[in-house]
Amino acid sequence: MNIKISLPDGSVREYPQGVKGSEIAASISEGLARVSLAIEVNGEVWDLSRPITQDASIKILTWNDKGGKNTFWHSSAHLMAEALESLYPGVKFGIGPPIDNGFYYDIDLGDKPFGEEDLLAVENKMKELAKKDSVYDRREVSKAEALEYFTKKDDPYKLELIDGLEDGKITFYQQGSFVDLCKGPHIPHTGFIKAVKLLNVAGAYWRGNEKNKMLTRLYGITFPKQKELEEYLHLLEEAKKRDHRKLGRELELFGFSEKVGMGLPLWLPKGTILRERLEQFLRKAQIKAGYDPVVTPHIGGKSLYVTSGHYEKYGKDSFQPIHTPDEGEEFLLKPMNCPHHCEIYKLKPRSYRDLPVRLAEFGTVYRYEQSGELHGLTRVRGFTQDDAHIFCRPDQVKEEFVKVIDLVLHVFNSLGFENYTAQVSLRDPANKEKYIGEDHLWEKAEREIQEAADERGLKTVAVQGEAAFYGPKLDFMVKDALGRNWQLGTIQVDYQLPQRFNLEYVGSDNQKHTPVMIHRAPFGSLERFVAVLIEHCAGNFPLWLAPDQIAVLPISERFNDYAKLVYDKLKEQDIRGLLDDRDEKIGRKIRDAETKKIPYMLIVGEREVAEGLVALRKHGHGDQGSVPLEEFVNRFKIECAAPN
C-alpha cells in the first residue's frame, strides 16, 4: 500500500507505507541525503529513521533549517551527557535542551566540584565519542519500564520527570552507552558532529524553582564544520566587546543595586539623556500620527487585572498583591498598561465619529522574572514600554494596523535596524485553554494581521504558540550587527479586552457596539531596546542620541580659559558634552575620550587661541583639521539633526 507525500515545492510523490525520512531524502537526491538531519512531518520534527504510515506533508531538514539546528544541538546535549557519564560515573541528569545558539545540560555531580577548567576534558571526550558514528536509537517504553530503569540508575530527576508523563507516550534514546529519557528528535548518528566547544558553567535551580537544589548547568555549541565553529567564536568575542552590560558600565549609562532589588535598573545621567532622546523622538512621531499622551499609576486595584485576565494567567508567577491598612483592599504593581487605558476610554461616552482613539504612554510595568533569568537590561523586573492602544471600529482595523507598521519601520530605519523579519505570532491550536476568546474572533484577527503585513510587503513567518493570551500579534525580529535575532517591536489585535471591560461606542445606526483594540510598542521594552541598540552600534550612538556629543580638550592648563569659552558657547547651542581640563597630557585626554566613544573632540592650543579655531578629531576617524568654532557648530547642527 502506498501513501502520498507532499513536498515543499508543492509536488506529491507516492511511497510505500512505512517509508522513512532518510529514504525520501535519498529518493530526492544523493546530496540531500548526505546532509539530512531530520524530517518535518505535518509540522512536527521527527527522526529520519521513523516510519511514516499515512499521507503527510514533509520537509527534509538540514543544518540550514532552524529545526535542523535544534535537532543537531539536542543530539549534542546527549553526546555531552555521554561524555560526562564516562568521566564522572554516578552523575545525575536534569534536562538538556537545545537553545537559540547551542545547548545545555543540567547535572548533579554531588560533592564533586566542576569549574571552567573541567570543560576541556569533557569537550575532548565528546570529540572522541563523536567519531564513533554512534546511532541515535529511539525506543518506546512503558512507564513501569522507565521507572525501573532510572530507579536502578538512581537518578531522581529523571524519575520526577517520568511521574508527569503519560504511559504509552514515553521514549528512550540511546547512543553508544548512554540512555536518556527523551521524546526526541535526534540526528541519525554522532558522526555529523565535527566541531565542539563547551562555553561556560553556571548554576540553575532544578525546574527553575528557587526552593529546589541548585544544579550545575554546562553550556556548549557544536557545528558540522570546524570553520563554522571558528566563525562563531570570532562573533562571540566581538559580542563580548559589545556586551551592553560592559559598555553600560564603561559609558556610565545604567547600573544595578542589590538594595534597590535585582532586575530593577538605575538609569545614570548619561543613560537618562539617551533614554529621553529616544522618548522625544517617538513622542514627536506619535503626535504626528494622531496619538494622545496619557499617564497612569504604577499600581492598580487587583480587580482591574482580574477583569483583564492578567491575574488569572500570570498572578501566581508575578509580584504578589500589596495590602493596604483597609481590610480586604489589594493592589498590584502594574504588569501591563492596557487595563488602565481601557478605563481611560470608559471615562466618557464615545461615538463612531470619535474613533479611532489612540492613547500613548511611556508606562513602567513590573513582572517577577526568576533571578536566574535576569540579564542586564534585556531581562528585568521593571521596564518601560512605549505603549499605545488604539480603540477603533472593526472596519478601521486594517488601516490602523498598516499605519502602526509604518511607524515601527520608521523607528527601525531611523536607528539603523535594517534587517528584520515580521513574525506572525499565532495561538497554539492544541492548547486553546491558554487563551481567551472565541475561535471566530481569533481567526478574524489572525487574518487581518496577515493582510496588513502583505499590504506593506513584509517578509513574514508564522509561528504557533507565540500569541498573547488575548490575541495574535505581529512581532518584529530584528537582526543586529552580529547577526543575532531580537524581538523588539510588536503589534497586537485584540477583540477580547474590549469585551471584558464592556467598552462601547455608539454606531451610525445609533446602537451600541464594541470597539477593537490594537496594542502596539515600536521599541517594545525601552530597556531591552537600549540594550540591543548598545550592542548593535557597539556604543557608538548616532550623533543625535549620544549622551556626550563633544569633548573640549585643552592641550595644557594655559589654554583652559579659551577651552571654557568654547565649551560654554557649545552649551548655549544645546550641544552636549564635557570639558576635560584635568592636569593630564593631551594624549591621555584623547584616549579617554575615545574610550568613552565621544563623537567629536575639540582640541585647543596656542594656534586655536590665537586664530579662534578648534582642532577637530572624530571618534574612530582621527584628525579632521582645524576650523572656526562657528563653522563647526553649523556643520554639527546639520549632522546632528534627529530623524523626522
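**A helix face and a covered strand**

Let's start with helix α18, residues 586-595, where Lys589, Ile590, Asp592 and Ala593 are buried. Viewed down the helix axis, the buried residues of α18 sit within an arc of 165°, so they line one face of the helix. There's a simple bit of geometry behind this: an α-helix has 3.6 residues a turn, so residues three or four places apart point the same way. Keep in mind that this is a predicted model.

What do the buried residues of α18 pack against? Their partners are three strands: β31 (550-554), β33 (600-604) and β34 (613-618). After the helix comes Lys597, with a positive phi near 60°.

Now jump to strand β10, residues 102-108. How many of its seven residues are buried? Seven of the seven, as it turns out, and both faces are covered. One side carries Gly102, Tyr104, Asp106 and Asp108, while Phe103, Tyr105 and Ile107 are on the other.

As for the neighbours, β9 (residues 98-99) runs antiparallel to β10 and is joined to it by two bridges. The two strands make a hairpin, with two residues between them, and Ile99 stands opposite Gly102 of β10. Strand β8 (residues 92-93) also pairs with β10 in the antiparallel sense, over two bridges; here Phe93 has Ile107 as its bridge partner. Then there's β15 (residues 214-223), which pairs antiparallel with β10 over five bridges. In that pairing, Asp106 stands opposite Arg217 of β15.

Methods. Residues are numbered from 1 along each chain as its sequence is written. This is a predicted model: local features need pLDDT of at least 70, side-chain atom pairs count only at pLDDT 80 or more; totals for chains, interfaces and linings use all residues. Side-chain values use heavy atoms; hydrogens and water are left out. Buried means under 20% relative accessible area, exposed over 50%, partly exposed in between (1.4 Å probe, protein chains only). Helices (H or I, at least four residues) and strands (E, at least two) are DSSP runs, numbered from the N terminus. The arc is that of the directions from the helix axis to the C-beta atoms. Contact means heavy atoms within 4.5 Å. Two strands pair if DSSP finds at least two bridges between them.
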